[in-house]
Amino acid sequence: MTDRVEFAGLGVGFLLGADATGGAFAAVDHVLAPRILGAPMHTHAREDEYSYVIEGRVGFQLGDEVREAGPGEVVAKPRGVPHAFWNPGDESATLLEIISPAGFEEYFRELAPLLGGDGPPDVAALGALQARYDLTMDFSTIDSLSAAHGLRPPE
């Protein structure tokens, strides 16, 4: 059975980690609930990500470009380029995420308890987590992305 965490309408399954690939890459699956923002605009300083859509449709914003991808399509999200992703449809969407180099997959394990509880998240703890992973997250884009793509608040 795959090790999984779930929070805010996003499920993350840990398929391959750093120890299985010599640190070269990690693989996780993301299951997005219908009409959910997977992540607001954010920028990775250390990792490149490649999203392979398995089922459903997934919306992406890469810099100023907005697009949707369906089953069999791959979207490259290079380090240093701000990006966001969401499920624009009324059914769940699943994608395989390849992260290179490995290490960032552990961010999701650490993030789940911060977002999975009752009440608002601990903003200081979120900031410290993002700093450890050299991740810049623009929370101010949540409302505009949600409005533009018909997304609902996280579960």
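Because the model is predicted, local features were required to have pLDDT of at least 70 and side-chain atom pairs pLDDT 80 or more, whereas totals for chains, interfaces and linings use all residues. Residues are numbered from 1 along each chain as its sequence is written, and side-chain values use heavy atoms, with hydrogens and water left out.

The largest nonpolar core comprises 30 residues, and F7, V12, V58, Y107 and F108 have the most contacts inside it. Such a core is a set of buried Ala, Val, Leu, Ile, Met, Phe, Trp, Tyr and Cys residues joined through side-chain atoms within 4.5 Å. Buried denotes under 20% relative accessible area, exposed over 50%, and partly exposed the range in between (1.4 Å probe, protein chains only). The elements that give two or more residues to this core are strand 1 (3–7), strand 2 (10–16), strand 3 (26–32), strand 6 (58–62), strand 10 (93–100), helix 2 (105–115), helix 3 (123–132) and strand 11 (135–137). Helix 2 supplies the largest share, four residues. Helices (H or I, at least four residues) and strands (E, at least two) are DSSP runs numbered from the N terminus. In soluble globular proteins, nonpolar side chains tend to be buried together.

V12 touches D3, R4, V5, F7, V28, D29, H30 and F108, residues up to four places away in sequence not being counted; a contact requires heavy atoms within 4.5 Å. A second, separate core has six residues, among them L37, M41, A84 and W86.

L126 is located in helix 3 and counts as buried because its relative accessibility is 9%. Apart from neighbours within four places in sequence, L126 is in contact with L111, L114, L115 and P121. The C-alpha atoms of L126 and M137 are 9.8 Å apart in space, and these residues are 11 apart in sequence.

Q61 is placed in strand 6 and, at 16% relative accessibility, counts as buried. The side chain of Q61 reaches the backbone oxygen of G63 at 2.9 Å. This is a polar contact, defined as a pair of N or O atoms within 3.5 Å; within protein, one must be able to donate a hydrogen and the other to accept it, and residues adjacent in sequence count only if both atoms are side-chain atoms. Excluding residues up to four places away in sequence, Q61 touches M41, V66, P82, H83, A84, W86 and L145.

F25 lies in the loop between helix 1 (18–21) and strand 3. Its relative accessible area is 30%, so F25 is partly exposed. With neighbours within four places in sequence left aside, F25 is in contact with L16, G17, I98, I99, S100, P101 and A102. F25 and I99 are 74 residues apart along the chain, while their C-alpha atoms are separated by 5.4 Å.

On the surface, Y50, Y52, I54 and V74 form a nonpolar patch with about 360 Å² of accessible area together. Patches consist of residues with over 30% relative accessible area and no salt bridge, like charges being joined within 9 Å and nonpolar side chains (Val, Leu, Ile, Met, Phe, Trp, Tyr) within 5 Å. Accessible areas come from the Shrake-Rupley method with a 1.4 Å probe, and for residues only the protein chains shown count as cover. Strand 5 (residues 48–55) gives the largest share of the patch, three residues. Y50 has its place in strand 5 and is partly exposed, with a relative accessible area of 33%.

The structure holds 11 salt bridges, each a side-chain nitrogen of Lys or Arg within 4 Å of a carboxyl oxygen of Asp or Glu. One of them joins the side chains of R35 and D90 (3.0 Å, N to O). This pair links distant parts of the chain, 55 residues apart: R35 is in the loop between strand 3 and strand 4 (37–44), and D90 is in the loop between strand 9 (83–86) and strand 10. R35 is partly exposed at 26% relative accessible area, whereas D90 counts as exposed at 58%.

The side chains of R46 and E47 also meet in a salt bridge (3.8 Å, N to O). R46 counts as partly exposed at 36% relative accessibility, while E47, at 4%, counts as buried. R109 forms a salt bridge with E106, the closest N and O atoms being 2.8 Å apart. These two residues are separated by about one helical turn because R109 and E106 are three residues apart in helix 2. R109 is partly exposed at 30% relative accessibility, and E106 is partly exposed at 29%. D3, E106 and R109 are linked in a network of salt bridges.
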